[in-house]
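User: I'd like to go through this model with you, a question at a time. Can we start with the terms and then get to the details?

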Amino acid sequence: TEWAPHVSPSLSCSALRGLGMVELVSCRPPMLTGGYFVPEKESYDSGAQVAYTCEEGHKPAAEGWWSTSLCQGGTWVPRPQCIDEGACLPPEITNANFPPSDNGWYPHGHKIRVTCIEGYTHQNFRATAQCGNGSWSTLPVCTKHLGACDEPPRILNAVVINRGHQEVFTEDSQVQYQCKEGYVMEGGSADKKSICSGGKWADVPKCSKWKRSALCVLDAAHYPSSTVKLSGVQYLKEGEEREIPCIWHWDPHTSLARCTRGKVTLFPCKCSRFHLITRHNFFLF
């Protein structure tokens, strides 16, 4: 057993782990059926390596006719195995998933069903493969869906906040951008979303430097007991008016928000103009 220098051997393993130090554990000889390994020892130090191969009718559970294994923490990694030569190793299929094998290989005759990842589809509708005599039948191929999009475009001074990074997005996927501090989205929206449509991203926003003299900020946090329905932050241009839904009314009521010289004015709730028009059967052209 090897110990870190300047540390008392009387310290327990848990105490050593607390100090960021661990005991180096040796390995016993690997259990290998249907093959042999070198060198043969009674014990192997941590970090030691063995090479092994298999007898006729068997093969290593790895690519090639021989393989190696490393002693790590008292365990051989990967575990040396000699498997039937008719078995198959896991196939390599890009942009796809399939059920993993508990022991790292699949027996002769085993069939797997392949699932393409988001944004990809099976080519020629082929979704299964079968292991036979050590190799797989024709493997399924996952190709990019015609309507899918590549990663959303990078825009200056903004980041995507509602999705993790991925290379392909399915059609109708939505990503939400947010500008960095000191910038606002053109048009005044605070939660602009871009949609994947026909293989392209639509409505990609732009972030511009915030000019206090040109914009008003309508922040829900500033109106905690308000009678209007607000969520998040909205921006209004100088002179812009926007209808805001009201609460605690049976009929549709709205408040008018107006931006004047950098300040927002909220007017009392009134029955919405559209509701008044339809209620009295008036129509505007």
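Analyst: Buried means under 20% relative accessible area, exposed means over 50%, and partly exposed is in between, using a 1.4 Å probe and protein chains only. This is a predicted model, where local features need pLDDT of at least 70 and side-chain atom pairs count only at pLDDT 80 or more, while totals for chains, interfaces and linings use all residues. Residues are numbered from 1 along each chain as its sequence is written, and side-chain values use heavy atoms, with hydrogens and water left out.

User: How many residues apart are Cys-27 and Cys-71?

Analyst: Their link is right-handed, with 95° about the S-S bond. It connects distant parts of the chain: Cys-27 sits in the loop between α1 (13-18) and β1 (35-38), and Cys-71 in strand β4 (residues 66-72). Helices (H or I, at least four residues) and strands (E, at least two) are DSSP runs, numbered from the N terminus. The separation is 44 residues.

User: Why is the disulfide of Cys-54 and Cys-82 given the hand it has?

Analyst: The sulfur atoms of Cys-54 and Cys-82 are 2.1 Å apart. Cys-54 is in strand β2 and Cys-82 in strand β6 (residues 82-84), 28 residues apart, and both cysteines are buried. The torsion about their S-S bond is about -90°, so the disulfide is left-handed.

User: Which backbone oxygen lies 2.7 Å from a polar side-chain atom of Thr-53?

Analyst: Thr-53 is in strand β2 (residues 49-54) and counts as buried at 10% relative accessibility. Leaving aside neighbours within four places in sequence, Thr-53 has contacts (heavy atoms within 4.5 Å) with Leu-32, Gly-35, Tyr-36, Trp-65, Trp-66 and Cys-82. The backbone oxygen 2.7 Å from the Thr-53 side chain's polar atom belongs to Trp-65.

User: Which strands does the disulfide of Cys-116 and Cys-142 tie together?

Analyst: The two sulfur atoms are 2.1 Å apart, and a torsion of about -85° makes this disulfide left-handed. Cys-116 counts as buried at 13% relative accessibility, and Cys-142 does at 7%. The pair ties together parts 26 residues apart in sequence, since Cys-116 lies in β9 (residues 115-116) and Cys-142 in β13 (residues 142-144).

User: Which residue in β11 is the bridge partner of Ile-112?

Analyst: Three strands make an open, antiparallel sheet in the order β8-β11-β12, where strands pair if DSSP finds at least two bridges between them. β8 (111-113) and β12 (135-136) stand at the edges with a single partner strand each, so one side of each is left without a neighbour in the sheet. Three bridges join β8 to β11 (residues 128-132). Ile-112's bridge partner in β11 is Ala-129.

User: How many residues are in the largest nonpolar core?

Analyst: A nonpolar core is a set of buried Ala, Val, Leu, Ile, Met, Phe, Trp, Tyr and Cys residues joined through side-chain atoms within 4.5 Å. Ile-112 is among the members that touch the most others, along with Ala-96, Val-114, Tyr-120, Trp-136 and Cys-142. Apart from this core lies another of 11 residues, including Ile-155 and Cys-179. The count for the largest nonpolar core is 14.

How values were computed
A polar contact is a pair of N or O atoms within 3.5 Å; within protein, one must be able to donate a hydrogen and the other to accept it, and residues adjacent in sequence count only if both atoms are side-chain atoms. A disulfide is a pair of cysteine sulfur atoms within 2.5 Å.
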